[in-house]
Amino acid sequence: MTGFTNAGFENDEPVKPKAGFEPDTASLREKVVLNPAEKWRILKNISIISIAFMVQFTAFQGTANLQSSINSTDGLGTVSLSAIYAALVVSCIFLPTLIIRKLTVKWTLVFSMLCYAPYIAFQLFPRFYTLVPAGILVGMGAAPMWASKATYLTQVGQVYAKITEQAVDAIIVRFFGFFFLAWQSAELWGNLISSLVLSSGAHGSGSSSGTISEEDLQFCGANFCTTGSSGHGNLERPPEDEIFEITMIYLSCIVAAVCIIAFFLDPLKRYGEQRKGSNSAAELSGLQLLSATFRQMKKPNLQLLIPITVFIGMEQAFIGADFTQAYVACALGVNKIGFVMICFGVVNALCSILFGSVMKYIGRTPIIVLGAVVHFTLITVELFWRPNPDNPIIFYAMSGLWGVGDAVWQTQINGLYGLLFRRNKEAAFSNYRLWESAGFVIAYAYATTLCTRMKLYILLAVLTLGCIGYVIVEILYRKKQRKVKKQEKLEAVEKEKEAAAAAAAAALAAAEAAPFDGVEETDDELDDLEEDIVVTRL
């Protein structure tokens, strides 16, 4: 039997959807059904991930802060740190979204944390062919780990905000603040361990602040140059038995952190990860997943935030390598590095939770202004300050104030990324980690060639560019929010005027009013998860 031809439709063009039309997919997506008591479980998970990172970075931060001093021969320690962050840059571009989609957030955290173990272990046998490859492994694992952490905090923050009916941006910043409270306290524990071990052994008693000569002292601070410090008495490597003791303690911390995540953290699937019909469950090719970070770089807001993100990496590299070597180790001795950095970690941790909490009352801008003022002032002071072991309190004050500034950037800029790019969290936080790591790489690249004074000038320049970029982002965001509110008011007025109109006319009016000019990145700020959360009030 043959068909027939209907000539009446022969020249008809297919009907195309109206411009701006979006198909309704909300009804097809899997819902996340939760009850109000789930907020306590969310808080438990936030605590678990924060404690795990605290234990993990007790080991890594304690090790990293000593690299420029205990492995100073030929710049080995600084080169190994540079390898970590160079690998992290590459990893941020290609790996996070791919690995998170394949392994899920929880198991990405587990396997990424294990990548830190070889670097800690090879402190017992420090050579370029051991520490550099181990550093590269750390960098390759770090990008997926940090992207997973940020994705977890942001997504459970959205769920918590929906359950408690609070503002999403305030909740996300509060969760990041609590996380960085725990994470920054790792500075305390890691440095306390290294300081107690080094101070109790021969190295602690073999070099005191009173033995440094005036000739050596004049080359400390802004005048310090790595290339001319080989004969400095305060920069000798500690005895091997002390290094062994520190390494074994730090390796135990890595194992403990991995176990905490594996056994106690709820999978993010509980809160909508890879739910049916969602963006995170979409089947993407490997090439699409690898290019997600590159695509995110096209966003104007992200491009404007690049300078301040680079500065965050550079200022952390400076306090961890240059300040500890040029100021603390040079004037006070290697055994005092941990104690001074404890002050940095404690203040940083306390300010992280403080800024995360007060942000909902005073807003983001005053806190960021505080961070900028603190860092501008500190960098200027360090250009002219001559460190002297007779005034140790100044070292602790400088370290603590640097922690105030770092806490501002860590909580507020992370929270800003979570707010602006909620729809593409993995790619956005991969970009954050990429550009922060680029800051580390830049700082470590010139660490052994430039003197401290020039490094401080570079920090001032990058901080200035970063502040300019942030101000533009803030202006655009607030302008957009005003337009959104104005549009909502106009739509409400229209609905009141046309309440009696026919359904077809109302639908047409809504379709025409939906798009509005000048507002960019709306899709990035709206996540379909917020539509799919169903809170049962039973």
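# Helix 9 and other parts of the chain

Reader: Which residues are buried in helix 9?
Author: In helix 9, the buried residues are Glu242, Ile243, Ile246, Thr247, Tyr250, Cys253, Ile254, Ala257, Val258, Ile260, Ile261 and Ala262. Buried means under 20% relative accessible area, exposed means over 50%, and partly exposed is in between, with a 1.4 Å probe and protein chains only. Helices (H or I, at least four residues) and strands (E, at least two) are DSSP runs, numbered from the N terminus.

Reader: Where do the numbers come from?
Author: This is a predicted model, in which local features need pLDDT of at least 70 and side-chain atom pairs count only at pLDDT 80 or more, while totals for chains, interfaces and linings use all residues. Residues are numbered from 1 along each chain as its sequence is written, and side-chain values use heavy atoms, with hydrogens and water left out.

Reader: Back to helix 9. What span should it have, and what does it have?
Author: Helix 9 covers residues 240–264, 25 residues in total, and should span 36 Å at 1.5 Å a residue. Its end C-alpha atoms are 36 Å apart, which agrees. The expected span is 1.5 Å times one less than the number of residues.

Reader: Why do residues three or four places apart point the same way in an α-helix?
Author: Because an α-helix has 3.6 residues a turn.

Reader: OK, whole chain now. How many helices and strands?
Author: The chain has 20 helices and two strands. It has 538 residues, and 54% of them count as buried.

Reader: What about the surface of the chain?
Author: The accessible surface comes to about 23300 Å², and carbon and sulfur atoms make up 64% of that. The areas come from the Shrake-Rupley method with a 1.4 Å probe; for residues, only the protein chains shown count as cover.

Reader: And the inside? Which residues have the most contacts in the largest nonpolar core?
Author: Phe53 and Trp409 do, in a core of 145 residues. Helix 12 gives the largest share of this core, 19 residues. A nonpolar core is a set of buried Ala, Val, Leu, Ile, Met, Phe, Trp, Tyr and Cys residues joined through side-chain atoms within 4.5 Å.

Reader: What does Trp409 touch?
Author: Not counting residues up to four places away in sequence, Trp409 touches Ile308, Phe311, Ile312, Glu315, Ile368, Gly371, Ala372, His375, Asn414 and Leu463. Contact means heavy atoms within 4.5 Å.

Reader: What share of the chain's contacts is between residues 24 or more positions apart?
Author: Of the contacts with a separation of 6 or more, 89% are between residues 24 or more positions apart.

Reader: Changing topic. How many aromatic pairs are there?
Author: The structure holds 26. One of them is Phe57 with Trp146, which is tilted, with 5.4 Å centre to centre and 55° between the planes. Phe57 is in helix 1 (residues 38–70) and Trp146 in helix 5 (residues 128–164), so the pair ties together parts that are 89 residues apart in sequence. Rings of Phe, Tyr and Trp (its six-membered ring) pair if their centres lie within 6.5 Å; planes under 30 degrees apart count as stacked, over 60 as edge-to-face and the rest as tilted.

Reader: Are those two buried or exposed?
Author: Phe57 counts as buried at 3% relative accessibility, and Trp146 counts as buried at 6%.

Reader: Which pair is stacked?
Author: Tyr327 and Trp385 are stacked, because their planes are at 10° and their centres 5.4 Å apart. Tyr327 lies in helix 12 (residues 300–331) and Trp385 in the loop between helix 14 (364–384) and helix 15 (392–420), so this pair ties together parts 58 residues apart in sequence. Both Tyr327 and Trp385 are buried.

Reader: Which residues form an aromatic cluster with Phe57 and Trp146?
Author: Phe53, Phe60, Tyr116, Tyr119, Phe176, Phe179, Phe180 and Trp183 are in one cluster with them.

Reader: What sits over the ring of Trp146?
Author: The charged end of Arg433 does, 4.0 Å from the ring centre. Arg127 lies over the face of Phe125, 4.5 Å from that ring centre. A charge sits over a ring if NZ of Lys or CZ of Arg is within 6 Å of the ring centre and within 35 degrees of the ring normal.

Reader: Where is Ala427, and what is it in contact with?
Author: Ala427 is in helix 16 (residues 425–445), and it is buried, with a relative accessible area of 5%. Neighbours within four places in sequence aside, Ala427 is in contact with Thr97, Ala292, Thr293 and Gln296.

Reader: Last one. What is phi of Thr104?
Author: Thr104 has a positive phi of about 75°, although it is not a glycine. Thr104 is in helix 3 (residues 96–114) and counts as buried at 13% relative accessibility. Glu165 also has a positive phi, near 60°, but Glu165 is exposed, with a relative accessible area of 66%.
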